[in-house]
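Subject: Structure for your files

Hello,

Here is the structure I said I would pass on. My notes follow below it.

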Amino acid sequence: MGMKLVLTIKVLVSCADKLPNLDNHKKVITYRTPTKSQKTTAVSVMEASLLKHFNKDETFWMPLPDKPNIKL
């Protein structure tokens, strides 16, 4: 018996266009344009409520994917 995994890819949303609804999204995947001094990756999972503190023109977000529905 094989395993079936379905993956839905979502698009990044600019914070300049829309911030996440905190009732629906507690944590989100974020991408921030890295600066020259940053030594870590610009992609992370963080609390959605923190996005309002970042530069809206350089920050993008997307909801976390649904938990996988794997039947073994």
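Does Thr59 count as buried or exposed? Bear in mind that this is a predicted model. Thr59 has a relative accessibility of 2% and so counts as buried, the cut-off being under 20%.

Thr59 belongs to strand β4, which spans residues 59-63. Leaving aside residues up to four places away in sequence, Thr59 is in contact with Val13, Ser14, Cys15, Tyr31, Arg32, Leu51 and Phe54. Val13 and Thr59 are 46 residues apart along the chain, and 8.6 Å separates their C-alpha atoms. A polar atom of the Thr59 side chain also lies 2.8 Å from the backbone oxygen of Asn55.

As for the sheet, it is open and has four strands, ordered β1-β4-β2-β3 with antiparallel pairing. The edges are taken by β1 (13-14) and β3 (43-47); each has a single partner strand, so one side of each has no neighbour in the sheet. β1 and β4 run antiparallel and are joined by two bridges. Val13 has Trp61 of β4 as its bridge partner.

Tyr31, one of the residues that Thr59 touches, sits in strand β2, residues 27-32. Its relative accessibility is 30%, so Tyr31 counts as partly exposed. Together with Leu12 and Val43, Tyr31 makes up a nonpolar surface patch with about 240 Å² of accessible area in total.

Regards

How values were computed: Residues are numbered from 1 along each chain as its sequence is written. This is a predicted model: local features need pLDDT of at least 70, side-chain atom pairs count only at pLDDT 80 or more; totals for chains, interfaces and linings use all residues. Side-chain values use heavy atoms; hydrogens and water are left out. Two strands pair if DSSP finds at least two bridges between them. Buried means under 20% relative accessible area, exposed over 50%, partly exposed in between (1.4 Å probe, protein chains only). Contact means heavy atoms within 4.5 Å. A polar contact is a pair of N or O atoms within 3.5 Å; within protein, one must be able to donate a hydrogen and the other to accept it, and residues adjacent in sequence count only if both atoms are side-chain atoms. Patches are made of residues with over 30% relative accessible area and no salt bridge: like charges are joined within 9 Å, nonpolar side chains (Val, Leu, Ile, Met, Phe, Trp, Tyr) within 5 Å. Accessible areas come from the Shrake-Rupley method with a 1.4 Å probe; for residues, only the protein chains shown count as cover. A salt bridge is a side-chain nitrogen of Lys or Arg within 4 Å of a carboxyl oxygen of Asp or Glu.
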